Amino acid sequence: MEVFGKSFEIEGLKLSLELDYSSRMPEDAIGFYMDDEALRKERQPLYLMYRSIERLNSDAKRIADKHDLTLNLTLLRPGFVGKEYIRTIGHYHINVPGTNDSYPEIYEVLSGEGAFLLQHRNMKIFKFVKIKKGDKVFIAPNYGHILVNTGKEALLTLDINARESMQHDYETVKKRHGFCYYLIKGEKFIKNPNYDFFPEINKIRPKQMLSDKQLDQIFLEKPEFFEKLLKNKIHFS
Ligand SMILES: [Fe+2]
């Protein structure tokens, strides 16, 4: 694999990249997963977050600084916590100033397979998107998102965000102990009892978008496109 011209591998539960990262530990996920008791028995990090990977390359750093964007990697290990697949805890983004819409985000799967659970903040729309290597997914404004590793290998994603959007709203998710459905073994859904409304599960496939090139390369070529897209200046869904 390569990102900004640096080649790297997934080595055990880490990446062979000389970058600092933060670990989402099982205790950090209490209140977000279906089974807190199962989380308390886990010892290993659920996933690692490599933030601001534009630091890997001076051109990438200069361009990201100019357009106020940031790129991140998320590495989720495979496995389960209780019946649930290992996944991110989930969050909503803050609003773009002066608007009623939150910042969107764009992802690409670099390795592995999994799914996105997307829940509109009105809690009336729920989408399930199966993803595999090479898929690009646009997280539209106002959708909370959870990334799930449903595969047997690690799941690695690359995302691009507006820098000012990186203060996330986790509390809305925690208040109800996750989204309205949990995804469990066998790719089945279970209703979260902390909700009283359960929308239809809209199963969708990622749309073909942008070129076949990897997101970091497209970013270097067209940063102004991502600046507009990720600050809600153009509509793309
Ligand atoms: Fe996000």
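In the predicted model, residues 24 or more positions apart account for 72% of the contacts with a separation of 6 or more. The protein contains five helices and 20 strands. Its C-alpha trace extends over about 45 × 40 × 30 Å along the principal axes. The radius of gyration is 17 Å, which agrees with the value near 18 Å that a compact globule of 237 residues would have.

Of the 237 residues, 35% count as buried. The largest nonpolar core is made up of 55 residues. Within this core, the residues with the most contacts are Leu76, Phe116, Leu117 and Ile160. For leucine 117, with neighbours within four places in sequence left aside, the contacts are Phe128, Ile146, Val148, Phe179 and Leu183. In soluble globular proteins, nonpolar side chains tend to be buried together.

Glutamine 44 lies in the loop that links helix H1 (36-41) to strand E6 (47-50). Glutamine 44 is classed as exposed because 11 other C-beta atoms lie within 10 Å, and the class takes in residues with 12 or fewer. When residues up to four places away in sequence are not counted, glutamine 44 touches Leu13 and Arg77. Leucine 13 is 31 residues from glutamine 44 in sequence, and the C-alpha atoms of the two residues are 9.2 Å apart.

Note on methods. Residues numbered from 1 in each chain as written. Predicted model: local features only at pLDDT ≥ 70, side-chain atom pairs only at ≥ 80, totals over all residues. Helix = DSSP H or I, 4+ residues; strand = E, 2+ residues; numbered from the N terminus. Buried ≥ 20, exposed ≤ 12 C-beta atoms within 10 Å, placed from the backbone. Contact = placed C-beta atoms within 7 Å. Core = buried A, V, L, I, M, F, W, Y, C linked by C-beta atoms within 7 Å. Rg over C-alpha atoms; globule rule 2.2 N^0.38 Å.
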